[in-house]
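Student: Hey, can we go through this structure together? I'd like to start with the whole chain and then zoom in.
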Amino acid sequence: YSLVQRHFPQILVAGIALSILFVYTSGGLTLMGQQIKNALVLGAIYALVAIGYTMVYGIIELINFAHGDVFALSSFYALIIATSFGGFINSLATGSGIGLLVALLILFVTTMAAAGFTGMAIERVAYRRLRDAPRLAPLITAIGVSFLLEGFMLVKFGADNVPTKNDLWITGTALTLGKVTIAWTDLFVFATAVALMFTLGAFVRITTLGKAMRATAQDRNASLLCGINVNRTISATFFIGSALAAAGGIVYSLNYHSIQWSLGYRLGIIAFTAAVLGGIGNIVGAGIGGFVIGIIYVFGGQLAGGEWSDSLIFAILVIILTFRPTGLFGVDVTTRA
């Protein structure tokens, strides 16, 4: 046990390398390259959602199970905004390259703001009064908020897949490596996730609000004595985390062109696994965990069969909690302060 615990990162990397090698030997270089591309794109979406999980847990030690449903709801926000105003944003995005940039800017700003305020409302109504309650109470409340959002989306948007009508926004092939084709959407999803991940990391390290977040995460009572408005800091954390989930929802809809009311449940659980793998409370670690989970999901499904992909992810979660409960880059919460 101690040997596996001590060398868990090396064992994980070796397992991933062997799975990639097996895919290469069975399907060749083209299949391997195609699956690596798919894994990085999927992992980028997981990373954006996982960062929101880890931000909230790092400050108030709450697993916000409603976060995945905020991701799904944000996808519908993006759809509503893109199709409003007589389809102005849609026509702007398909008109020219500059129009696409303007349309994406409008869509990201408005959708992330709407999702951020949704996250703040959830924190204010559902979680704030339970902040000092036994941990079971806010956990059950988070599950209840998740079901509430899912029920709202089911009633409002129906049970079927909803097309996002943005198929023509980002089209074409960016580059070809051998026989592996990389589309512009693939590059856009990956670049967006990496840029937001490191931007947020810099924000938390440099800005006054980021320092307040770190101080609140270390010791809430000491932060109050230092003059930090803890309520405002926690609300800002929910705003930023939900906004990042909205960014994930936008890139998901641009890449897959279809959304559904139940999308957030499954994807949210997988993103939570990514946050645990990276180290719950560590922003960059959660992002890296998202990419690693994407690789495990794609290559594990390739080797064992697609029907086993979800099972492999949850098996990884059990293994992490058994041998490395702090994750790859996390610290022990009991000694963090």
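The chat below goes from the whole chain to a few residues.

Tutor: Before we start, this is a predicted model, where local features need pLDDT of at least 70, side-chain atom pairs count only at pLDDT 80 or more, and totals for chains, interfaces and linings use all residues. Residues are numbered from 1 along each chain as its sequence is written, and side-chain values use heavy atoms, with hydrogens and water left out.

Student: What share of the residues is buried?

Tutor: Buried residues make up 49% of the 337. Buried means under 20% relative accessible area, exposed over 50%, and partly exposed in between (1.4 Å probe, protein chains only).

Student: How many residues are in the largest nonpolar core?

Tutor: That core has 102 residues, and Y127, W169 and I293 have the most contacts inside it. Helix α2 (residues 8-60) gives the largest share, 23 residues. A nonpolar core is a set of buried Ala, Val, Leu, Ile, Met, Phe, Trp, Tyr and Cys residues joined through side-chain atoms within 4.5 Å.

Student: Which residues does W169 touch?

Tutor: Leaving aside neighbours within four places in sequence, the contacts of W169 include I89, N90, L104 and L254. Contact means heavy atoms within 4.5 Å.

Student: Tell me about I89. Is I89 buried or exposed?

Tutor: I89 counts as buried, at 2% relative accessibility. I89 lies in helix α4 (residues 88-95). Beyond four places in sequence, I89 is in contact with I81, A82, A103, I106 and W169.

Student: New topic: where is S253?

Tutor: S253 is in helix α10 (residues 230-256). S253 is buried, with a relative accessible area of 4%. Not counting residues up to four places away in sequence, S253 touches T164, N166, S258 and I259.

Terms used: Helix = DSSP H or I, 4+ residues; strand = E, 2+ residues; numbered from the N terminus.
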